[in-house]
Amino acid sequence: MVRNLVVLGGSSHPELTETICNHLGVPPANILLSKFAVGETRVEIMDSVRGKDVFIIQSGGGKVNDHLMELLITISACKTASAKRVTAVLPLFPYSRQSDIPYNKTGAPLAKAPTQLNRNGNYTFDSRPTTPMPGQAESAGMKGGPENLHKKLMDMQLRDNGDGQRSRSPVKMPRRSTMESVSSEKSDYFDDNSLTPTVTNGSANGDKPVAKFHKAPPHFEPQRGYKQWVAQAGTLVADLLTCAGADHIITMDLHDPQYQGFFDIPVDNLYGKHLLRKYIQFHIPQYQNAVIVSPDAGGAKRATAIADALGMPFALIHKERRPTQITDRQNATMMLVGDVADRVAILVDDLADTSNTITRAAKLLKKEGASKVIALVTHGVLSGDAIDRINASAIDKVVVTNSVDQEENKKRCQKLEVLEVGNVFAEAIRRVHHGESISVLFHD
Ligand SMILES: O=P(O)(O)OC[C@H]1O[C@H](OP(=O)(O)OP(=O)(O)O)[C@H](O)[C@@H]1O
């Protein structure tokens with residue numbers, strides 16, 4: 001029997017809230033979640049939370065921004081309604097991939113690989129851009145790369161008309177030499193404090209209006225190490241949750257476990273690897289002959305933990321992203337380290353978003369002789385055309401947890417299998433509520 005415990009469910013995953021409540025033996029508290037006509041989120045908590053230990057279930061994925069705002073408002077509402085403690089339960093933590101932004105050599109953020117559709121509209125699962133070779137012409141994929149983005153941004157800065165307002169159409173600037181000569185001849189027109197062109201209406205004799213520049217724009221050269229100002233939204237989201245009144249966070253398989261350090265409240269980061277490990281043991285025949293594969297270096301620790309626990313071999317796909325000396329462009333090719341020939345390859349990753357990573361990895365693994373490819377992923381975000389991509393790919397099966405709602409995805413993808421995660425969160429909530437250790441949930 002749990003007393004003084006209140007579970008509130010956000011609109012992101014009502015099914016998971018229900019499962020958690022069933023495990024805890026408490027009904028979900030009544031909450032009204034809607035939107036005003038203008039689009040603002042409306043939250044009304046219909047049950048008393050005064051002096052209660054409140055757990056709010058809200059996952060990332062789907063309409064992630066709406067869900068985040070709803071969560072923040074709900075936390076704040078509980079605090080102002082005198083809840084004793086408010087814990088945000090975020091099975092998939094939103095914005096956790098934005099705690100750090102990878103930059104290329106010039107400082108621009110690395111863009112995602114463009115779509116892998118060929119001319120016929122079929123997925124190729126190839127790396128984009130392709131591996132650059134000496135003397136090879138720049139590929140179309142590279143033309144739209146991050147350096148181009150960098151150039152575009154610089155162009156936009158040049159178009160800035162100086163008072164903070166960006167012109168929609170390019171402002172025609174006189175060539176530098178012209179402006180310099182104007183500067184020396186018409187020095188009375190110049191105002192050192194402004195770059196704004198002055199438009200004179202012309203003289204009484206009917207001259208057309210003429211734009212005169214007060215000052216030549218600064219000559220803008222790309223600087224070594226120049227960085228665009230990229231928001232590190234992970235920090236902001238951590239601050240927002242704390243500021244709204246969250247006292248505690250429970251989540252699972254944070255993309256970057258160091259993200260816990262962004263909070264000055266307790267964060268319990270549960271592991272999904274136990275569920276994935278059990279799936280391997282009980283659902284993959286002769287799993288000892290299979291091989292665990294991490295589709296990128298970032299997930300190697302997670303994948304090796306499963307391989308070690310089960311005494312299985314391990315292989316790594318290295319997602320090469322560093323600019324090469326040849327072109328200094330983003331190079332997102334994949335290289336396999338390890339042997340997968342004639343084995344079932346089990347890809348282990350924390351999340352599949354566009355599913356580019358797992359589908360491309362599957363193509364490579366099959367090329368290297370894997371007999372079957374099964375992807376085990378904690379968070380099946382599966383946004384955009386991820387399901388179509390999986391359906392068309394070499395992957396034989398994708399196993400995800402229901403940390404994100406999978407109802408619709410299951411209908412569209414025969415290859416998808418879903419593991420229940422509600423019981424793990426229910427147990428974590430119960431232990432946090434009773435002040436018991438939850439480290440038992442971390443043990444192998
Ligand atoms: O389904 P997708 O859209 O391909 O995204 C999934 C990939 O993204 C994440 O890694 P990320 O690319 O952020 O690299 P990192 O591990 O180096 O942070 C995650 O660990 C997956 O590998």
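Tutor: A residue is called buried when its relative accessible area is under 20%, exposed when that area is over 50%, and partly exposed in between. Please keep in mind that the structure shown above is a predicted model.

Student: With that definition, how many residues of helix H12 are buried?

Tutor: Helix H12 is mostly covered, with 9 of its 12 residues buried. The buried residues are Gly422, Val424, Phe425, Ala426, Ala428, Ile429, Arg431, Val432 and His433.

Student: What backbone feature is found just after H12?

Tutor: Just after H12, Gly435 takes a positive phi of about 70°.

Student: Which residues are linked in a network of salt bridges?

Tutor: The general idea is that side chains of opposite charge can pair when their charged atoms come close. Here, a network of salt bridges links Glu427, Arg430, Arg431 and Glu436. Within this group, the side chains of Glu436 and Arg430 meet at 3.4 Å, N to O. Glu436 counts as partly exposed because its relative accessible area is 34%, and Arg430 is also partly exposed, at 26%.

Student: How many salt bridges does the whole structure hold?

Tutor: A search of the whole structure finds 16 salt bridges. One of them joins Glu44 to Arg42, with the closest N and O atoms 2.6 Å apart. Both residues are partly exposed: Glu44 has a relative accessible area of 33%, and Arg42 has a relative accessibility of 30%.

Student: Which residue forms a salt bridge with Asp396, and why does the pair tie together separate parts of the sequence?

Tutor: Asp396 forms a salt bridge with Lys366, and their closest N and O atoms are 3.0 Å apart. Asp396 lies in the loop between helix H10 (386-392) and strand E15 (397-401), while Lys366 is in helix H9 (residues 356-367), so the pair ties together parts that are 30 residues apart in sequence. Asp396 is partly exposed at 32% relative accessibility, and Lys366 is partly exposed at 28%.

Student: Where do negative charges gather on the surface, and which residues take part?

Tutor: Glu15, Glu18, Asp405 and Glu420 gather in a patch of negative charge on the surface. One of them, Glu420, is found in the loop between strand E16 (416-419) and helix H12 (422-433). With a relative accessibility of 36%, Glu420 counts as partly exposed.

Student: Is Leu8 buried or exposed?

Tutor: Leu8 counts as buried because its relative accessibility is 0%. Leu8 belongs to strand E1 (residues 5-9). Leu8 and Asn30 are 22 residues apart in sequence, and their C-alpha atoms are 7.4 Å apart in space.

Student: Where does Thr333 lie?

Tutor: Thr333 lies in the loop between strand E11 (314-319) and strand E12 (334-337). At 10% relative accessibility, Thr333 is counted as buried. The C-alpha atoms of Thr333 and Ile317 are separated by 9.8 Å, and the two residues are 16 residues apart along the chain.

Student: In which helix is Arg412 found?

Tutor: Arg412 is found in helix H11 (residues 407-412). Arg412 counts as partly exposed, at 42% relative accessibility. Arg412 and Gly272 are 140 residues apart in sequence and 24 Å apart in space, C-alpha to C-alpha.

Note on methods
Residues are numbered from 1 along each chain as its sequence is written. This is a predicted model: local features need pLDDT of at least 70, side-chain atom pairs count only at pLDDT 80 or more; totals for chains, interfaces and linings use all residues. Side-chain values use heavy atoms; hydrogens and water are left out. Patches are made of residues with over 30% relative accessible area and no salt bridge: like charges are joined within 9 Å, nonpolar side chains (Val, Leu, Ile, Met, Phe, Trp, Tyr) within 5 Å. Accessible areas come from the Shrake-Rupley method with a 1.4 Å probe; for residues, only the protein chains shown count as cover. A salt bridge is a side-chain nitrogen of Lys or Arg within 4 Å of a carboxyl oxygen of Asp or Glu. Lys and Arg count as positive and Asp and Glu as negative; His and the chain ends are not counted. The place of a charge is taken as NZ of Lys, CZ of Arg, CG of Asp or CD of Glu. Helices (H or I, at least four residues) and strands (E, at least two) are DSSP runs, numbered from the N terminus. Buried means under 20% relative accessible area, exposed over 50%, partly exposed in between (1.4 Å probe, protein chains only).
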